[in-house]
Amino acid sequence: MRASGKVLLTQRVKISRGEIHSIDERCKQCRLCIELCPKEVLQESEKVNEKGYHPPEAVEEPEKGKSCVACGLCEVICPEYAIWVEEKKENASTEGDQRERRF
Ligand code: SF4
Ligand code: SF4
C-alpha cells in the first residue's frame with residue numbers, strides 16, 4: 001500500500017490455537033492441568049464421571065488473553081492421559097507487525 005510517500009508493510013504471522021479434547025472417564029480431578037495451564041483456560045466442569053470426579057473443560061476469554069495456544073502442557077502433565085490438544089493454525093496480522101518504510 002502506498003500513501004503519502006510511505007509504504008505500509010503488514011507481516012502475516014501464524015498463531016497457534018488449540019482445541020481441547022478429553023476422555024472424561026479417565027479424569028481423577030487432580031487439577032494439574034487446570035493449575036498449570038499458562039493461559040488459564042481450563043476449569044472443572046459441571047459434568048461428573050463414573051468415579052464422581054469433575055473433568056476439566058476449556059473456557060476461553062480472548063478479550064482477557066485466555067485462549068488455548070496449543071502448548072500441550074495439559075496433555076503431557078495429565079497422569080491419566082485423559083486430556084489432549086489438537087493444534088489449529090490461523091493466519092493473522094497484528095498491529096505489532098505493521099511497520100512503515102519511507103522511500
Ligand atoms: S494446550 Fe496449553 S494453553 Fe491449551 S489448555 Fe492445554 S495447557 Fe492450556
Ligand atoms: S490432569 Fe488429567 S486427571 Fe488431572 S484433572 Fe486434568 S484431565 Fe483430570
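**Exercise 1. Which residues come nearest to ligand 1, of the 16 around it?**

Step 1: get your bearings. This is a predicted model, where local features need pLDDT of at least 70 and side-chain atom pairs count only at pLDDT 80 or more, while totals for chains, interfaces and linings use all residues. Residues are numbered from 1 along each chain as its sequence is written, and chains are lettered from A and ligands numbered from 1 in the order in which they are written.

Step 2: pick the residues. Cys37, Cys68, Cys71, Leu73 and Cys74 come nearest; a residue counts as near if its C-beta atom, placed from the backbone, lies within 6 Å of the molecule.

Step 3: find the elements. Two or more shell residues each come from β3 (13–22) and α2 (73–77). Helices (H or I, at least four residues) and strands (E, at least two) are DSSP runs, numbered from the N terminus.

Step 4: sort by class. You get 13 nonpolar, two polar and one charged residues. Here Ala, Val, Leu, Ile, Met, Phe, Trp, Tyr, Cys and Pro are nonpolar, Asp, Glu, Lys and Arg are charged, and the others, Gly among them, are polar.

**Exercise 2. Describe the surroundings of ligand 2.**

Step 1: 15 residues surround ligand 2, and Cys27, Cys30, Cys33, Cys78 and Ala82 are the closest.

Step 2: by class, this shell holds 10 nonpolar, two polar and three charged residues.

**Exercise 3. Is isoleucine 20 buried or exposed?**

Step 1: locate it. Isoleucine 20 sits in strand β3.

Step 2: count. Isoleucine 20 is buried because 20 other C-beta atoms lie within 10 Å. The cut-offs are 20 or more for buried, 12 or fewer for exposed, and partly exposed in between, with C-beta atoms placed from the backbone.

Step 3: list partners. Beyond four places in sequence, isoleucine 20 contacts Ala58, Cys68, Ile83 and Val85 (contact: C-beta atoms, placed from the backbone, within 7 Å).

**Exercise 4. Find the residues with the most contacts inside the largest nonpolar core.**

Step 1: a nonpolar core is a set of buried Ala, Val, Leu, Ile, Met, Phe, Trp, Tyr and Cys residues joined through C-beta atoms within 7 Å.

Step 2: the largest one has 13 residues, with Cys33, Leu42, Cys74 and Ile83 making the most contacts inside it.

Step 3: zoom in on cysteine 74. Leaving out residues up to four places away, cysteine 74 touches Cys33, Cys37, Leu42, Ile83 and Val85.

Definitions and conventions: Contact = placed C-beta atoms within 7 Å.
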